Amino acid sequence: MAGQSNHELSLFSAEELEFIAEDEIIDIVPNLKMDPLCLVSGDFGPFIPQIVTQVPLWLAIALRRRGKCSIVPPQWMSVEKLTQVLEEERDSQEMSEHLPFHYVEISRLLFDHARDNIPDAYMVRSLIEDIRDVRFHKVETDLEGFNGFTIAVKIKNLSAMEVNIVRPFIGRALQAFYKHDTPELIPDPERVSERRQQVAQNAPRRQLRR
């Protein structure tokens, strides 16, 4: 398992995870005056020039594309915060709890649509990639302890992308161990078929109504 998403193993594609992450709330600085927007997910606004307000990420991107706002990067996307997280990840086998569940998708969307709004963008991208690599290495280390007696796995503070890759892998691995270590518990299709025939033959027969 590598740090890149494998579409054959993942439950969702990268694009689908980004679509889910677009509902995350983010700060923007509008440069237009507009009444509040009443959306299914809630009311957002009013929009006043140079006054920070919060909107869903998808709306921030839409306004940014039209030149109607600038996006304020989340606090965790600063060089200082990411450096601290990277140090935590390297110093402990536990996953850091100081990153949002969709940190990979949020950062990717912001780099794609609002790179100019991210201070020290190159350094921020490099730190996020380093954090991803360290976290995946720790996940791989945890999974090395798998054996035929494993019935469940608990890894705290995984991100959406990590869960998306790890969960199907764990499910298939547990099924493989279960199948090879306890084959007597796996139903044999031929035996099941024979058993059904015996049950059908031994079952009491009802007389047909005339």
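Mentor: Ala, Val, Leu, Ile, Met, Phe, Trp, Tyr, Cys and Pro count as nonpolar, Asp, Glu, Lys and Arg as charged, and the others, Gly among them, as polar. By that rule, the lining of the second largest pocket divides into 3 nonpolar, 1 polar and 5 charged residues. Bear in mind that this is a predicted model, where local features need pLDDT of at least 70 and side-chain atom pairs 80 or more, while totals for chains, interfaces and linings use all residues. Numbering runs from 1 along each chain as its sequence is written, and side-chain values use heavy atoms, with hydrogens and water left out.

Trainee: Which residues line the second largest pocket?

Mentor: V104, S107, R108, F111, D112, R125, I128, E129 and R132. To count as lining, a residue needs an atom within 4 Å of a pocket point; the pocket is an open set of points on a 1 Å grid over the protein atoms alone, where a 1.4 Å probe fits, with protein on both sides within 12 Å along at least five of seven lines. α4 (103-113) and α5 (121-143) each give two or more residues to this lining, and α4 gives the most, with 5. Both are helices, DSSP runs of H or I with at least four residues.

Trainee: What volume does the second largest pocket have?

Mentor: About 160 Å³, against about 200 Å³ for the largest pocket. A volume here is the space filled by probe spheres set on the grid points, which are joined across faces, edges and corners.

Trainee: Why does N117 count as buried?

Mentor: Buried means under 20% relative accessible area, with exposed over 50% and partly exposed in between (1.4 Å probe, protein chains only). N117 has 19% relative accessibility, so the label is buried. Its place is in the loop between α4 and α5.

Trainee: What makes a polar contact between the side chains of N117 and R64?

Mentor: The distance is 3.3 Å, and the rule asks for a pair of N or O atoms within 3.5 Å, one able to donate a hydrogen and the other to accept it, with sequence-adjacent residues counting only if both atoms are side-chain atoms. A polar atom of the N117 side chain also lies 3.0 Å from the backbone nitrogen of I71.

Trainee: What does M77 touch beyond four places in sequence?

Mentor: L82, S107, L110, F111, I118, V124 and I128, contact meaning heavy atoms within 4.5 Å.
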